[in-house]
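Work through these exercises with the structure open beside you. Try each task before you read its solution.

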Amino acid sequence: MVTVAIEITFTEEVLGSSPNTKEIYSEFIASKAPDAASVADEVEAVGADEVTEKGTTVFPRNDDGEPVIWDYQLKGFMKDACGALRRVPGTLSSKCKAYKKVIDGTIFVKERSVAFQLPEGGEVGICERPLRADTPQGARVALARSETVPAGTKIRFTLVVMNKSDWPLVQEWLDYGQFRGIGQWRNSGKGRFEWTDGSEPE
């Protein structure tokens, strides 16, 4: 088993992805994950009063009011990265079978939630952008609105890789973060990051 202290520095702003209404969030989570404990934890942490517009997506908050990212969102990034890199010949990911089971069952973020550490003078902001979609009724445009944390924000967490031979795979996924990041609107470059490890695997 390998335990590594990971530090991520975001090179682009990160967008919040949690609905800004506790009732909507509760209903959605309950429909996707019927684990009552998880529902209670996540609903309690959503900062529904942080912004006024119901349509704004926000960051969950910890007890100190800091914006946080959940452990499963970090694991979700790994699944996204591996799924993309499987299409690239010569990558370690291209040879990884049943990668979702590997990530779900043997790779863990030790912390339940990880606080965003904003750079000096940094503040939680708002990003508004149009969403365009082609529908049977023609092109439609809607306005999306999300909380953001600025470039230069850091997160630090402990990654546990139960199978030591999977550590190079994880490094490959983290390296992919410079191209496609975490959070909403990733395809525009939001949430991209660089990473370092604070403890070399044995």
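The crossing of helix 3 and helix 4 is right-handed. Keep in mind that this is a predicted model.

**Exercise 1.** State which elements the protein chain has, and in what order they run.

Solution. Start with the count: the chain has five helices and nine strands. Then read from the N terminus: β-β-α-α-β-α-α-β-β-β-β-β-α-β.

**Exercise 2.** Work out how helix 3 and helix 4 are oriented to each other.

Solution. 
- Step one: locate them. Helix 3 covers residues 71–85, and helix 4 covers residues 99–106.
- Step two: take the geometry. Their axes come within 10 Å and cross at roughly 155 degrees.
- Step three: apply the cut-off. Angles over 145 degrees count as roughly antiparallel.
- Step four: conclude. Helix 3 and helix 4 are therefore roughly antiparallel.

**Exercise 3.** List the residues that join helix 3 to helix 4, and sort them by class.

Solution. On the helix 3 side, take K75, M78, K79, C82 and G83. On the helix 4 side, they meet Y99, K100, I103 and D104. Now sort: the contact has four nonpolar, one polar and four charged residues.

**Exercise 4.** Repeat the analysis for helix 3 and helix 5.

Solution. 
- Step one: find helix 5 at residues 167–175.
- Step two: note that the axes of helix 3 and helix 5 come within 9 Å and cross at roughly 90 degrees.
- From 65 to 115 degrees counts as roughly perpendicular.
- Step four: so helix 3 is roughly perpendicular to helix 5.
- Step five: list the contact. F77, M78, A81, C82 and L85 in helix 3 meet E172, W173 and L174 in helix 5.
- Step six: sort by class. The contact divides into seven nonpolar, no polar and one charged.

**Exercise 5.** Where is A98, and is it buried, partly exposed or exposed?

Solution. Look in the loop between helix 3 and helix 4: A98 is there. Its phi is near 50 degrees, a positive value in a residue other than glycine. Next, check the cover. A98 has 49% relative accessibility, so it counts as partly exposed.

**Exercise 6.** What share of the chain is buried?

Solution. Of the 202 residues, 40% are buried.

Methods:
Residues numbered from 1 in each chain as written. Predicted model: local features only at pLDDT ≥ 70, side-chain atom pairs only at ≥ 80, totals over all residues. Heavy atoms only, no water. Axes fitted to C-alpha atoms, helices over the stretch in contact; angles between N-to-C directions. Helix = DSSP H or I, 4+ residues; strand = E, 2+ residues; numbered from the N terminus. Parallel < 35°, antiparallel > 145°, perpendicular 65-115°, else oblique. Left-handed = near helix turned anticlockwise from the far one by under 90°. Contact = heavy atoms within 4.5 Å. Nonpolar A, V, L, I, M, F, W, Y, C, P; charged D, E, K, R; others polar. Buried < 20%, exposed > 50% of the residue type's maximum accessible area, 1.4 Å probe, protein only.
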